[in-house]
Amino acid sequence: AGSHVRGSEEALIRLQHSPTHYFQRPDAYGLGVDSSATSMTGAEWGLRLDRRSGRWTGALWAAQRSPGFEVNDLGEVGEGERLDGGARITFREITPGELFRDYSVGITTFHNFRQEVLRDPFSWSEWGRAHSEGTFGVTGSATFLDYRGLTATFQYDPENFDSEVARGGPVVLDPPAWVFNLRGNTDRRDRLSFEPSFGVDDGGALGWGWKGGVKVSYRPSSRVQVETEPSYQSQPDAAQYVAATGDVGYAPTYGRRYLFADLDRRTFSLPTRLNVTFSRSLTLQLFAQPLLSVGDFTVYKQLARAESFDFDRFEEGVAATGPRGVSCVGGRTWRSGDQRLVDFHGDGGTDFSFRERDFRVRSLRGNAVLRWEYRPGSTLFFVWQQRRSYQDLEANTFRLGGEALDLLTDRPTNVFIIKANYWLSL
């Protein structure tokens, strides 16, 4: 695939600064913001080889995306330039035995690299520095003779250098991490079936992250199916980006200071679906997903140097009012109203400030789709979409019951769509 974008100099500057590209990264090799550019050209390619038959299956793939590849006016590309490679091998048995109706075991690995590695492709250290994402995973699944099932996944992510976490700043070391997920199911042919799931991941210095949920499916008749999947997740983050400020004298991160925080994030979600078949030509689908998420920013800190996971942690102090205005006592950061103030130099003065980052967010997404095939091959879709949302940027308490009731009073946004398909029989 190829792309070519043209526009004004201002538009191209915004595009080069966008999260897809981050051409302004101070340590990016061969990149940089061209303030006079009025066009951008890029390309990508991919090659994949698959074996899909037999007990042993597998795949090999490789891909490349150039820095200037840009198609977000047509679709969605969230990641920028990269070199990509991976492999998968799976053994599966589909002949029922004494215990299992079928089972499979698979191993997968993939790795992404920034293309700056091409400046010295024979250097192992250069490949390590350019490693932006990667994983090794093992997955096993089995269906028992009574149609119950079980799936387990273990994933290990080696350390890499993240070029996106600093939002246009230098690359930051991402320490190794691992994730374990377990999911089971009862016989899905039953009128009432369950699929419980549980996952845990290594949260590093902030402790464990975990998530749990259960999918419940109920079919009161052959024409009606109801599914709901409540889930809860607690996810600590030891490097949540907060802000950046200029400081020409601070050389370890190229003349800017990059602020991060320890974030404790908790999320509850309840996606629910209802499918009703009135006849072959008339069906109704309903979907609703209430969601509540809260975030508590506990410790603010500054990236100490590029290409590291070293941080200068700011001790929490208290605000004091004096002749020079508001200052900090007992620490290097403090809260004043809805503002967070930071003292980089430890002299009690305010060197930088920003809005407090704690949050509580609730939302409700809903869709209703009535499908009518009024003649063979010709269909009408009547769609109703509703969205409700609310953000409180000063609260971080988790109030499940109260938030659910408040969702009903939030101002909604409604969208109505009619889509028509007509089959031309020529």
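User: Which residues is valine 242 in contact with, leaving aside its neighbours within four places in sequence?

Analyst: Contact means heavy atoms within 4.5 Å. By that rule valine 242 touches Leu259, Phe260, Ala261, Phe297, Tyr300, Phe354 and Arg357. This is a predicted model, where local features need pLDDT of at least 70, side-chain atom pairs count only at pLDDT 80 or more, and totals for chains, interfaces and linings use all residues. Residues are numbered from 1 along each chain as its sequence is written, and side-chain values use heavy atoms, with hydrogens and water left out.

User: How many residues does the largest nonpolar core have?

Analyst: In soluble globular proteins, nonpolar side chains tend to be buried together. A nonpolar core is a set of buried Ala, Val, Leu, Ile, Met, Phe, Trp, Tyr and Cys residues joined through side-chain atoms within 4.5 Å; buried means under 20% relative accessible area (1.4 Å probe, protein chains only). Here the largest core has 13 residues, and Val242, Leu259, Phe297, Tyr300 and Phe354 have the most contacts inside it. Strands S14, S15, S17 (282-303) and S23 (352-355) each give two or more residues to this core. Strands (E, at least two residues) and helices (H or I, at least four) are DSSP runs, numbered from the N terminus. The largest share, three residues, comes from S15. A second, separate core of eight residues includes Val172, Tyr258, Leu303 and Phe311.

User: Which residues of helix H1 are buried?

Analyst: In H1 (residues 9-17) they are Leu12, Leu15 and Gln16. They lie on the same side of H1, because they cover an arc of only 95° around the axis, taken from the directions from the helix axis to the C-beta atoms. These buried residues pack against strand S1 (2-6) and strand S2 (39-51).

Definitions and conventions
Buried means under 20% relative accessible area, exposed over 50%, partly exposed in between (1.4 Å probe, protein chains only).
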